[in-house]
Amino acid sequence: MFPQFGATAETLSKASSMVFRIGTDAHLYDDPEDVNIAPLLDSKFDSEKCEALKRLLALIAQGFDVSNFFPQVVKNVATQSLEVKKLVYLYLLHYAEKRPNEALLSINCFQKDLGDPNALVRAWALRAMAGIRLHVISSLVLVAVGKCARDPSVYVRKSAANALPKLYDLRLEEHTSAIEEIVGILLNDQSPGVVGAAAAAFASICPSNFSLIERNYRRLCEILPDVEEWGQIILIGILLRFVIARHGLVEESIMFSLHSTKSGESKKNGEATKISNKEDTGYASGNDDFGLGADVSGNIDLELAKMVSRCYIEGPDEYLSQLSYANTGPSELNVAQFTSGKRNDDVKILLQCTSPLLWSHNSAVVLAAAGVHWIMAPRENIKKIVKPLLFLLRSSNASKYVVLCNIQVFAKAMPSLFAPHFEDFFICSSDSYQIKTLKLEILSSIVTESTISFVFKEFQDYIRDPDRRFAADTVAAIGLCSQRLPDMATTCLEGLLALTRQEFLSSDFGSLDGEADVLIQAIMSIQSIIKQDPPSHEKVIIQLIRSLDSVKVPAARAIIIWMVGEYSSLGETIPRTLSTVLKYLAWHFTSEALETKLQILNSIVKVLLCAEGQDIQSFKRVLNYVLELAECDLNYDVRDRARFLRKILSSNLDSQGLEEETNILSPNKDLAYVLSGHIFGGQTKSSSPEPINYRFYLPGSLSQIVLHAAPGYEPLPKPCSLLQVDNVDQGTNGLERARNSDSFNTDETDSLSGSLDEEGASDYGSEHSISGSNVSGGSNETGSASEGDDNTDPLIQISDVGNAFENQHGVSHSGSADLGELISKRALESWLDDQPNSSNTSTSEQSQVRVSTARIFIGDIRHRVKTKSYTLLDPANGNGLKVDYSFSAEVSTISPHLVSVEVFFKNCSSEPMSDILLEDEESNKDSNSADQTLVATDSSLTSHNNVPILVPMEEITYLEPGQTAKRIIQVRFHHHLLPLKLALFYNGNNLPVKLRPDIGYFVKPLPMNIEAFTDKESRLPGMFEYVRSCTFTDHTGELNKDKGDNVVVKDNFLVICQCLALKMLGNANLFLVSVDMPVSTNLDDASGLRLRFSSEILSNSIPCLITITVEGKCNDPLQVSVKVNCEETVFGLNLLNRVVNFLAESSLVPL
Amino acid sequence: MLQCIFLLSDSGEVMLEKQLTGHRVDRSICDWFWGQAISQGDSFKLQPVIASSTHYLFQVVREGITFLACTQVEMPPLMAIEFLCRVADVLSDYLGGLNEDVIKDNFVIVYELLDEMIDNGFPLTTEPNILREMIAQPNIVSKMLSVVTGNSSNVSETLPGATASCVPWRTSDPKYANNEVYVDLVEEMDATINRDGALVKCEIYGEVQVNSHLSGLPDLTLSFANPSILDDVRFHPCVRFRPWESHQILSFVPPDGQFKLMSYRVKKLKSTPIYVKPQLTSDAGTCRVNVMVGIRNDPGKTIDSITVQFKLPPCILSADLTSNHGTVNILTNKTCSWSIGRIPKDKAPSMSGTFVLETGLERLHVFPTFQVSFRIMGVALSGLQIDKLDLKNLPNRPYKGFRALTRAGEFEVRS
């Protein structure tokens, strides 16, 4: 009864046991295979298909491979139900790459869906089509994306933008420019939603093609706040990169410290820091209760800031490697690469438009905007980012961590930024361990004299935290703080010592591992503080040494013992205690842990080497004793160390060591003495600040979190790299460059907008025609009227007004009221000598968008058509025989696969020629060498349907010098693009020649009237429609010529029409259906001129419709957009390319 | 860009996988992930960005469900995390909560939602209002319908109008018989009180939540009486930046239904409404605990749902706790929870008892942190006040309602 419960009682009980799950898809997930899926897929009910697909989806979710259902699923792609469609797409996208051949079966369906009036269906079809990622169909997808990029629906355009990276992923070198062009179109889109997606496409396809950004940088900045949040993240990054590449870094920004330290302009540097210091402290004391006025370390850490900026630009790996072999890498940056943030408008607008984004509710947007300000904003304005960044810490735990990682860098490079907000880094018990350590690190780098007391108070609480790992980190942080603020060292030491006293109480009982860590960390912190200024901390050292008895943790003991050796000669008290301490250590030696043993050996030697006076003897005895113990130790390391020491110190230890003796010993021993002195007695250098080898990546990047360059990480572009290219070019060939860029800018945008308009219109047209069944309605009568007028030979005949758009609405019968409007137009009057027999019917909406048009008849111009001829054989190559050919409009009667070609032979030599024959190369070979059967079979294979490749021509037996002969051959080309190899015989010679096909002649004229044309056109929407535009210039010569003659003033429009028509007919075998002419007040504006041609493909009689629409001024080069509607997608595309090529080709052949 | 999203149950089972790009991610990465999670314990589960040998993983854990996203290339990590959070929000909104069963039961909807929310690894539609129009929410009616007819489609047949409009967050042209709009101030108090009982940090994190049921395309203006107290703000995309910059006025076209208009922060508050005073004294292997709770600053409304929670330090063997008001529970994970409810008029609630320490330990050297939660209806403790709410573009006068609520956020008392 309920099929979805399955048949078995088991599943039924399962379902009933879970009342809540009734009506959900639970049973499908639990038992996806409890029914046979295959028959369900073939069911004719959508609900059953749906169930089957859900079961498949459940299997996918659970990680099973169900790709064997692929063929059956693909069949269902044609369904009308959107739910089934969605499920099919989900399945399809999961497996398409695995089953490319079957996936191809779905293409036709997608193409159909792309013409669907429902925008959702179009968008889904595009997403799925691009998502199946097959190389074979990439060109189809490209066309589809190009179309959808001009779709009226925002959602579809957005999908188109998202589809671009999918296309790009296929690595189609030949399409790169086309893809980038579409990115440009979409970046230019009016809707912010589309721009966001386009930005994402830009970032993954051509992140360095800044020319696309340059064109509409300002608009992008202004639209930024309205873009979707996800797009904002990407777009901010793109704009930042662009500004840096274009204008360089900002001299007021923190990045400038790089330059000021680098170039050694110490004065300027000093000034800069002074200024910033003043500002910083001013700000701080204004806002902060604790007043940072006296703070000296509040300014920017210049060294670090320099590193940060270099890392941002060069990438840390490159930068660090430079550091390793050359201390100062080549300074590529100079003053010219900086720009003023206050004067540069582009920088200003970027900062302006990103600052409201600091209020975004998406934390990624806030961080991206903060990154821009960090890099570009003048120093005094950077503080703007602080509060928003800190506010991010209140969002989810996961983002908290990422934000803190970024704040850490900011805080290190510019501690004053976050110093007043130290409270925000206090730790909550809910923080994860990673967050806690980050907060500690930030706290210790932003702490100041005035805030340290609060921080220490806080730290004291942390030390009692039950998480001992965290407590140990806190102790380490105390050490770091006191290193930053040497004045606080004593306070820190007291606290730490108190801690060690406390901790050994607990560690005495050896309770927890964690306690040991805390203790070790405390001793290490103490050690690091002492290192900074040993003499003043003598008492601390003594205290520590005294505590040796109670400290049980080996690592901690080892550090204290190290201090014994290191500071043995320090002050007055320590040397006096030494002998007791050493005896104590020797006494305990056997019970110590490994690291302590090694440290004891080292320390005793150190003490011995530094010792003076009577102590030496006792020290030597101690050492001897310890060495003996050590040589019997169980551990190899200890034994080896002991032997090494004994050998190297043999001079010192010998006998009961007479000092005079050692002094006059052999140089050999002396050397050992010096060596040992160097190894153990060397004074530690005063601790220089540790070399910084942090890695910095751009704020907000993944690499910054994982601390290595993730694949695809790009540092900032080289400052001013964009500008430099410009300069170089202008230097060399400035004029040409200028002209190029000029034409680039104007032409490009013109053609884009032009084609956009046109596309929009035709799109609407096709959609409407789908919905409105009656296509030819009112235009029938006008059509017949025009036919009637044909005979009365005026060259131009107004037969209909209104363009295809209106025709399809069938409005022409409704509009006689508008007659006056039409007549009043002077433009029309100049055209007409009789009454128009139809009326202008433009609706109000129409007249805004497009000018009215009149259909004209330009008479039979076929006789004026000149076909172009090509050279088959040059007389120079052919011993004086010249062979030309041209494609003929004649249609072969033998087979539809044959194309007629007229071949002209001319004897240019002085001697007569004989036996001229053109033959197929293959058959020629065949006859020559009969054994080449393989080739023969090949050729017979290719010439299927028993159509010969070449219908042999009649042999020219004799050709006098200067004589010409014409023959017609009929050729079957293998492919409409690849040349055909032929063999030319004459005078007994054999020459191979290549006959290049012309796709324009793979069609034959298909006579039809305009109604039939629009009807056919409307049936070929979506994927069957392709548009390209080009520039047409032929008419200009013609018009100029007329000007010169000034005899008969021809009409501009007519000249253009004729030029276009002749060009078309001269290059392709077409039928001119109609010419629509714009009727407007502006006589010079040819926009709206439209020619329609029809044809059918020779081989399979599939109709192929061509529409040409003109934009632009009569006397200028025209923008011509060519639209081809054809079911044979590949053929149509090739034909379109051919048409565009020959239209754009300027040939000023006189008529 | 993201390459794959996995949904893992709390036992590590992969419930769903959604491949996003051509570079598919094998689900063996989940095995690796779970292996790490087991071996490294909780700290791994809290790590949002993980670099495995083959992929970078982003994880967001919500109510036991792990949302795992993989990528191999550079991308803003916050984008991935924020997106996963958004997915979690949308799913729990759709399914009425998040758990293993509910995701498995509605896996088709989850797939459909994911498919709308992300395309080729880049977020596509994340606005809940639009999603709700594209994919129907499962409800009782649709469930019953599907049982009876065996057929129900939850996929919308047409594109929501909002995708094309200039206010993409708003359902196109909703109609209501009675127009009403409610504005709630929901505040959370974060406070830290240190060992000495001093208030280290006290601040308010607040949200302005709006529930709007308004017809047509209304234009709202909300202003505060004292906007200067706000330390920092974040806005829903519907808020226009300009009016806020110039006059600190919120001007917006609201989404339909419940949404978070704005969140804000008020720092440096001077006092808390209640006090919690823990005292721990340890001697000879036992530790006496005494915790007192009382009202410090009466906010004028009743404080209810007061609970005090703390984690017993690991070195405690056993605990014996009693209270004079409310109930004390010690949970299995060594968390002790004392729920008080309301503070009675006649006595101050207190909890006392003893801990037995580990053998060998004389005194307690680590101290627990007490987490306090409470709720106060009708008061915004930050002192933020709504001045007025103006509505334009509405046919008839709507009903306007205002409410306020404060509850404890990260309210911690150290001992």
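The structure is a predicted model, in which local features need pLDDT of at least 70 and side-chain atom pairs count only at pLDDT 80 or more, while totals for chains, interfaces and linings use all residues. Residues are numbered from 1 along each chain as its sequence is written, chains are lettered from A in the order in which they are written, and side-chain values use heavy atoms, without hydrogens and water.

I begin with the interface as a whole. Chain A contributes 108 residues to the contact and chain B 107 residues, where contact means heavy atoms within 4.5 Å. Together the two chains bury about 9500 Å², of which 57% is on carbon and sulfur atoms; buried area is the accessible area (1.4 Å probe) that two parts lose on being put together, summed over both. W230(A), W359(A) and F391(A) supply 10% of the area that chain A buries against chain B, more than any other three residues.

I turn to the polar side of this interface. There are 41 residue pairs in polar contact between the chains, both residues at pLDDT 80 or more. A polar contact is a pair of N or O atoms within 3.5 Å; within protein, one must be able to donate a hydrogen and the other to accept it, and residues adjacent in sequence count only if both atoms are side-chain atoms. The interface also holds 15 salt bridges, each a side-chain nitrogen of Lys or Arg within 4 Å of a carboxyl oxygen of Asp or Glu. One of them pairs E229(A) with R86(B) at 2.9 Å, N to O. Another salt bridge links R127(A) and D119(B), with the closest N and O atoms 3.4 Å apart.

The next item is a helix pair. Helix α16 of chain A, residues 229–247, packs against helix α3 of chain B, residues 77–95, at an angle of about 180 degrees, with axes 11 Å apart. The helices are therefore roughly antiparallel, a term for angles over 145 degrees. From α16(A) the contact involves E229(A), W230(A), I233(A) and I234(A), and from α3(B) it involves M79(B), E82(B), F83(B) and R86(B).

Finally, R1138(A) lies in helix α52 of chain A, residues 1129–1144. Its side chain makes a polar contact of 2.9 Å with that of D998(A). Not counting residues up to four places away in sequence, R1138(A) also touches Y870(A), I999(A), G1000(A) and N1067(A).

Note on methods. Axes are lines fitted to C-alpha atoms, for helices over the stretch in contact, and angles run from 0 to 180 degrees between N-to-C directions. Helices (H or I, at least four residues) and strands (E, at least two) are DSSP runs, numbered from the N terminus. Angles under 35 degrees count as roughly parallel, over 145 as roughly antiparallel, 65 to 115 as roughly perpendicular and the rest as oblique.
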